[in-house]
Amino acid sequence: MSENRKSLINLNSGLTRRSALKGLGAAAGLVAAPGFVRYGQAQSSEPIKIGFQCHRTGIGAAYGRWYERVTTAAAKRINDAGGINGRPLEIIIEDDGTDPKRGAEVVEKFANQHKVDLVYGTLFSHVVVGSAPAAGELKIPYYVVSEGYHVASGKMNRYCVQPGITDVKAQARSMAPWIAGNLGKKVTLVYPDYAFGHDHRDFFTPAIEAQGGQVVAKVPIPPTETSFTRYFPQIPRDTDVIYHVMVGPAVLTFVKEMGEFFGSGGPQLFGFIDSLEAVDIASPGLEFLEGSHFWEGMPRYAQSDQPDYVTAYREAVGIDENGASVNDAKDVSTAAHMFGCWETLNIIKASMEACDYKGPDDRAAMIEATEAMTEMEAGPDHPQGKKLFNGKIHQVFGEQSISQVKDGKLEVVHRTSIEDGAYEPEADYTAMSF
Amino acid sequence: MTRLTPSTKSIALHVGVVVLLLALNFLLPEYHRGVFARVLVLAVFAMGYNLAFGYTGLLSLGHAMFFAAGLYGAGLTIYHLEWSVWPAFGAGLAAGVVVALVVGFLALRTTGVAFMIVTLMFAQVFYLMTLYFTTYTRGEEGLVLPQEMRVLGFPGGVLDLSDPSTRYLVALSLFAIVLAAILFLVRAPYGRSLIAIRENEERMRMLGYDVFVNKLMAVVLSGLFCAASGAAYAVLFGYVGSGFAAIQYSILPLLWVLVGGAATTLGPLIGTLFMFYVIDTASSYTTAHLMVVGLVLIGVILFFPKGIIGTVRERWLPWLP
């Protein structure tokens, strides 16, 4: 007890002017912190604020870094050209830690504290799905750049839109005709045994069957696996093509072990570049990929026949001819996905201009303006290629690239058509209320 | 003037905290009200964890499975079976109790480090099961519970759980119920026996207590509270996903309890709230916010070795429960 009293006395006598000032300073700092600032309503002359939900940390950090660079470049281009409805664009970034819970909190922070006009830019599916309820409840437009099937499935809400990047269902479907026609009809699927892998399994299987092919084996790999050799004997001898979509740090081991197992005489390999985004194709162990094929949303390597607007886009976002940062050749981009940020911001601009967006009261009108969009021509606003937006399912459809590894670089060998990936809509967001 | 007894002071403090939290619903800016609603739900998770760890001395690294059992128990019945919120919430609680009973029965055959490892392994099994049954759970991507189904039915009408004020008040109600239950428990003879088991298990055994049954009851009650938090999270925030079953969510309640003060009734709330704002504020300034979090935690350990409330109790307010 006497010790308690002693501490109390010490505490009282320790309250000097210096510590009082420190306390005041800390309190002032807290009040000035972003968390406590009250933001006024946007006036017509003020910037249009876009909350960028960015994977700055966590498993999506490599993607987040490049999404941020592309977003900055796209916003600069829009602002240099006069902004949106004469108002400058301001990007406010919050880190979601690539975590669905934090994602929802960040959406709330954008809407209620930063008072942004809309939220944009999320990639990882679980963050999109975790954040979507918050966006719907707060009635704030949520433009994602995720390539998941979540938006098109109709399970989100009227405020969730994916207009700048195609979804995994369309991507997987559009690969089937070319694979059946060029690599072979007997396909073995090797995929991670969770939602991302299941999407590929469920969407690719009917598509290859429609081409007269068949999936001869499905090899799900548990997510905790770090060595894969024991799964390869499950691949039937008569397999023509191995379709692989492994992701995460284990992908290098996976590719290396697959190469060692099959040597040079194995089946054809077809993969999604998701596995190797931000990874140098010339990394040790990846030489086994020489000659194999990949899906790419947009080519990583500069192509000899690329249009001027693609060259301009690559310059603006700061990537060299190998798809790495112009400032650091080892900093490889996520080129197959990050174009989606560029295109989505341009669609946001077009939607706001179409509905003469003035402020948060026009959010519903803005969603309707996006829903009304259909064809988007390839060009400076859509450097990845031509697109077709389906307003009912809030999802865009587009062309895809199939590239082959030649001399350690990816060269586009085929462009799929929009029709290759098209499917019947399973939902209608336009019938939902705001 | 009569001196207040520690018991009266303690009850008055807890009632005061709940009244203050009620007032905050009307005073806080919109964003912070949302934060508090989330923190109150997660504080229930921490309070459940504290019952096992703080009061009974069971250092578990698997409590994410109890939270996730509640989350999935409520979420999957709403999503797939279209149950209304009340029975779904009940399903969440039941799932938590069953999982806690089974895991407790097996894991309590071990103690100390072995208990940590066994609970960790069970939680990992639970986590992998949520991925394995992706057809129903959508695994790591998770499920959105339709907003129109997140309504709480009463004889006089319905409450829309996606409304910010309703959500806050429902979260506060759950928090207040669990806080009252914990306060009652730790002051009751049963709670005293849990503390005694933590302090000297052998002596309790010699005194004739069935230590295993007491500990099992503590794990089940802890699992029940954690599941209540998980089920509430599902219906209030509308998202159910594997991430909540991952190891991270077993470590977070441990952290919240340690920061707030183990074996204190209000420590879990303070710890959860403190950690939320440290991360929220630091991540607005720097991507290295985890480093800031680390430095703050070192500071807390240096100046509040028994957690914030634990140190307050030790130095100034010995009557705090």
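Trainee: How far apart do the C-alpha centres of domain 1 and domain 2 of chain A lie?
Mentor: The two centres are 30 Å apart. The domain bounds come from an automatic or database domain assignment, which gives domain 1 as 48–166 + 338–398 and domain 2 as 169–296 + 404–412. Residues are numbered from 1 along each chain as its sequence is written, and chains are lettered from A and ligands numbered from 1 in the order in which they are written. This is a predicted model, in which local features need pLDDT of at least 70 and side-chain atom pairs count only at pLDDT 80 or more, while totals for chains, interfaces and linings use all residues.

Trainee: How many residues of these domains are in contact?
Mentor: Seven residues of domain 1 of chain A are in contact with six of domain 2 of chain A, contact being C-beta atoms, placed from the backbone, within 7 Å.

Trainee: And between the chains, how many residues are in contact?
Mentor: In chain B, 26 residues contact 33 residues of chain A. On the chain B side, α2 (30–55) and α12 (267–285) each supply at least two residues; helices are DSSP runs of H or I with at least four residues, strands runs of E with at least two, numbered from the N terminus.

Trainee: Changing topic, what is the strand order in the open sheet of three strands in chain A?
Mentor: The order is β13-β14-β15, with antiparallel pairing; strands pair if DSSP finds at least two bridges between them. The edge strands are β13 (375–376) and β15 (395–398) of chain A.

Trainee: Which residue is the bridge partner of A:Met376?
Mentor: That partner is A:Lys387, in β14(A).

Conventions: Two residues are in contact if their C-beta atoms, placed from the backbone, lie within 7 Å.
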